[in-house]
Amino acid sequence: MNELEEVMAQHTERLIRLAFYYVKDLQGAEDIVQDVFIKFYDNQQNYEERGELKAYLSKLVINKSKDYLRSWTYRKIQVQQKIFAKQAVIRRDMLVQQDEQTIIENAILALPLKQREVLIYFYFEEMPVVEIAQLLNIPESTVKTRLRRGRELLKPKLEHIEWEVLLHE
């Protein structure tokens with residue numbers, strides 16, 4: 001039990017952030033990570049230390065996030081948000097909204113999933129192309145293409161921001 005608490009303390013924040021990048025909902029991301037830890041706890045005896053635990057948990061979160069995006073619950077929530085969006089009052093702190101990092105993250109979150117996930121792994125998780133390709137089970141050339149297309153999609157959205165990633169293209 002102490003070992004599980006250590007694993008949770010070490011990985012929870014990163015996994016919630018990872019799930020959030022997929023589902024764009026903090027509560028949904030927290031639920032996904034909680035489900036992953038429950039699954040990990042129940043099947044802990046089946047886990048073989050062939051690789052890194054960080055990668056294993058990340059893969060579980062990715063799969064669970066993708067399952068969530070395909071679920072009826074998610075689609076129902078999306079429809080409800082579109083219907084009631086005009087009634088919702090969004091209160092945002094102006095300082096946070098003006099923060100460049102927040103603007104960059106929002107621009108990335110607006111990208112299609114295929115470009116979004118490789119950009120997140122490459123720039124925020126600082127994973128090399130080879131690891132991203134292994135994690136997503138796609139060729140390295142596909143990762144590079146998605147990175148290039150993602151940057152191209154971000155350029156017009158972030159023209160006024162000096163993000164070094166876009167400046168060196």
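Contact here means heavy atoms within 4.5 Å. The model is predicted: local features need pLDDT of at least 70, side-chain atom pairs count only at pLDDT 80 or more, and totals for chains, interfaces and linings use all residues. Residues are numbered from 1 along each chain as its sequence is written, and side-chain values use heavy atoms, leaving out hydrogens and water.

Among contacts between residues at least 6 apart in sequence, 62% join residues at least 24 apart. The protein has 10 helices and zero strands (DSSP runs, H or I of at least four residues for helices, E of at least two for strands, numbered from the N terminus). Of its 169 residues, 37% are buried (under 20% relative accessible area, 1.4 Å probe, protein chains only).

Helices α2 (residues 26-42) and α3 (residues 53-70) pack at about 125°, with axes 9 Å apart. Axes are lines fitted to C-alpha atoms over the stretch in contact, and angles run from 0 to 180 degrees between N-to-C directions.

Helices α8 (residues 129-136) and α9 (residues 140-157) pack at about 105°, axes 8 Å apart. They are therefore roughly perpendicular. V129, V130, I132 and A133 of α8 contact E140, V143, K144 and L147 of α9. Six of these residues are nonpolar and two charged.

Notes
Angles under 35 degrees count as roughly parallel, over 145 as roughly antiparallel, 65 to 115 as roughly perpendicular and the rest as oblique. Ala, Val, Leu, Ile, Met, Phe, Trp, Tyr, Cys and Pro count as nonpolar, Asp, Glu, Lys and Arg as charged, and the others, Gly among them, as polar. Buried means under 20% relative accessible area, exposed over 50%, partly exposed in between (1.4 Å probe, protein chains only).
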